[in-house]
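Keep the viewer open as you read.

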Amino acid sequence: MAELSKYRNIGIFAHVDAGKTTTTERILKLTGKIHKTGEVHDGESTTDFMEQEAERGITIQSAATTCFWKDHRFNIIDTPGHVDFTVEVYRSLKVLDGGVGVFCGSGGVEPQSETNWRYANESEVARIIFVNKLDRMGADFLRVVDQVENVLGANPLVMTLPIGREDEFTGVVDVLNKKAFVWDDSGQPENFEVVDIPADMVELVDEYHEKLVETAVEQDDDLMMAYMEGEEPSIEDLKRCIRKGTIALDFFPTFCGSAFKNKGIQLVLDAVVDYLPSPTEVDPQDLTDEEGNPTGEKAIVSADEPLRALAFKIMDDRFGALTFIRIYSGVLNKGDTILNSFTGKTERIGRMVEMHANERTELTTAQAGDIIAVIGMKNVQTGHTLCDPKKPCTLEAMVFPAPVISIAVAPKDKGSTEKMGIAIGKMVAEDPTFVVETDEDSGETILKGMGELHLDIKVDILKRTYGVELVVGKPQVAYRETITMPVEDSYTHKKQSGGSGQFGKIDYRIRPGEPGSGFTFTSTVVGGNVPKEFFPAIEKGFKGMMDTGPLAGFPVLDVEVELYDGGFHAVDSSAIAFEIAAKGAFRQSMPKAGPQLLEPIMKVDVFTPEDHVGDVIGDLNRRRGMIGGQEPGSTGVRIKADVPLSEMFGYIGHLRTMTSGRGQFSMEFSHYAACPNSVAEAVIAAEAEKKAAKSK
């Protein structure tokens, strides 16, 4: 069996354009996995193998690959940076033990870096930091280090310092060993020499070396005492302390370089080996019951334990459906029968492969710590647990955000309807944030997603990968409804029509719930006026109505229902009678409770050159945006704002026109807020019109 201490499961994540994929390419080149590096800007990188990725120069799907460095096996996942594909980062972090956060030397800590960093904190993933693109105009390593401290609230531990700035960036100084690594102009990663530190940097290196030693020895009381008495710790001891602090998330070793120019990557690879945890050094995953509540047991990472694995990604390619799984414990062999604890069904493992982006190597066995793909699994979806049928268990499930935007689509010709259905089925399995519904009245297919780009790419994939030409409607916002006033009311359902009748009387209070609380039902009935066995039916009746609000039929958020009294009939009362009573009660009382329309508010982050700041802020104000702050940087200004999604359609084109093509923005869902009356009236009228048109 392979030695688990030599495994490193790592992810590379960052903001769009910080150079994640280029960094991955360089790592693959250095570890001998590929011989010619492909460039993102030429659309030839190894891990960006989708047409849409090559064209747009962005990563959409996280790609998995395996390589070796200094006797250690790296399973690397290159994740997307674009906010619409955050789910890819989130689910990759769930199954990784460590990560490399890549930041752009000139852009610094950008909006998506914050989101990814937050996800990594939640998943408690140990990280090292790589500040990339130090050969670019305006690149400043120490400014980025400062931002990591102030914007992310993290503690960067500077391990290397750059030699030269921008065009004159030639190499890095290893602060721990006080050695300089200088590369020649050939662009080959192996063409470097280790020399003495440049004279003008000696003081700076000494200052950072002292900081590094002081931070490291805090991890070991004996070393700290010895250091305070003037004894210099050995490099081995320092490395051990840095490893301990990195795994405990006390600090993040921070490196610098230029992936594109092949400078500084070796030190990052050494750091992955030296400081990031092996699968056995990470807190084991919690096991949960079917409801998702922790059982108190952990999935200990060991090949001797029963099989436990998590399916974290489904991908469909020319070879069939691939299910990516991370094995936490036990051994998985070709031909084994495993249990999917979510569906309760067993499946037989046919072909197992080790992935290298979109190429693969056949495997006959895999063990705890491995990340592999299984071909041809039928009923497995993202987040399902695969385990030994004799020892069923559930690993902590993944929770995905709800979509905020939708479009109606229809195939251009009748013949494509079936083709579209099959294609969309595959795409929904691959991406849990992509939801498809059929409008029962109009028969239209509604695609829902996380943003315009997300749905754009989906339509593009349908067209190019599956050959389905679509007619696409205008994007629609996912509005919601809620109530603003408490109501106390009573409702009686009785029906007498030959044979046994139906009777159910409920007295109830409906009131607004806390934001984000969803639907809550409580009962304070005393004296058995409504028997306990009918409570679930009453709750079901109310809950079933939450999908269609009283204003325009949008789902309802944050409502509390309290049942405080009622009446029943010994013969005519039944669960169905009380369920119908609850539905009637909802219809009767919701319009009295001050219903209100809610719209999704997006957290928008705009980057603009300084001379266009006034225009951009004025434009965001016109879009009903609330400006949250401005941060000047070396190449422009970042403006943060909260803006309603309905005002942001087509914004990128508008921004480019305003800033002569130099502006960029990203946005992600923040929260739901009340619509102004004028907007609410227009939306309600439009929905009423739609319904009228359908009923004709």
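**Helix pairs and nonpolar cores**

Start with H12 and H13, which pass each other in a right-handed crossing. Keep in mind that this is a predicted model. H12 covers residues 535–544 and H13 covers residues 575–589; their axes come within 7 Å and cross at roughly 35°. On the H12 side, the contact is made by Ala537, Ile538, Lys540, Gly541 and Phe542, and they meet Ala575, Phe578, Glu579, Ala582, Lys583, Ala585 and Phe586 of H13. Sort the residues of this contact by class and you get eight nonpolar, three charged and one polar.

Next, jump to H14 (residues 613–622) and H15 (residues 651–658), whose axes sit 10 Å apart at an angle of about 150°. Angles over 145 degrees count as roughly antiparallel, so that's the label for H14 and H15. Their crossing is right-handed. Here Asp615, Val616, Asp619 and Leu620 from H14 meet Tyr651, His654, Leu655 and Met658 from H15.

In soluble globular proteins, nonpolar side chains tend to be buried together. In this model the largest nonpolar core has 68 residues, with Val100 and Ile242 making the most contacts inside it. Helix H9 (residues 265–275) gives this core its largest share, eight residues. Leaving aside residues up to four places away in sequence, Ile242 touches Leu157, Met159, Leu176, Leu212, Ala216, Phe251, Pro253 and Tyr275. Another core lies apart from the largest one; it has 45 residues, including Leu597, Val613, Ile617 and Val643.

Definitions and conventions
Residues are numbered from 1 along each chain as its sequence is written. This is a predicted model: local features need pLDDT of at least 70, side-chain atom pairs count only at pLDDT 80 or more; totals for chains, interfaces and linings use all residues. Side-chain values use heavy atoms; hydrogens and water are left out. Axes are lines fitted to C-alpha atoms, for helices over the stretch in contact, and angles run from 0 to 180 degrees between N-to-C directions. Helices (H or I, at least four residues) and strands (E, at least two) are DSSP runs, numbered from the N terminus. A crossing is left-handed if the near helix is turned anticlockwise from the far one by less than a right angle, and right-handed if clockwise. Contact means heavy atoms within 4.5 Å. Ala, Val, Leu, Ile, Met, Phe, Trp, Tyr, Cys and Pro count as nonpolar, Asp, Glu, Lys and Arg as charged, and the others, Gly among them, as polar. A nonpolar core is a set of buried Ala, Val, Leu, Ile, Met, Phe, Trp, Tyr and Cys residues joined through side-chain atoms within 4.5 Å. Buried means under 20% relative accessible area, exposed over 50%, partly exposed in between (1.4 Å probe, protein chains only). Angles under 35 degrees count as roughly parallel, over 145 as roughly antiparallel, 65 to 115 as roughly perpendicular and the rest as oblique.
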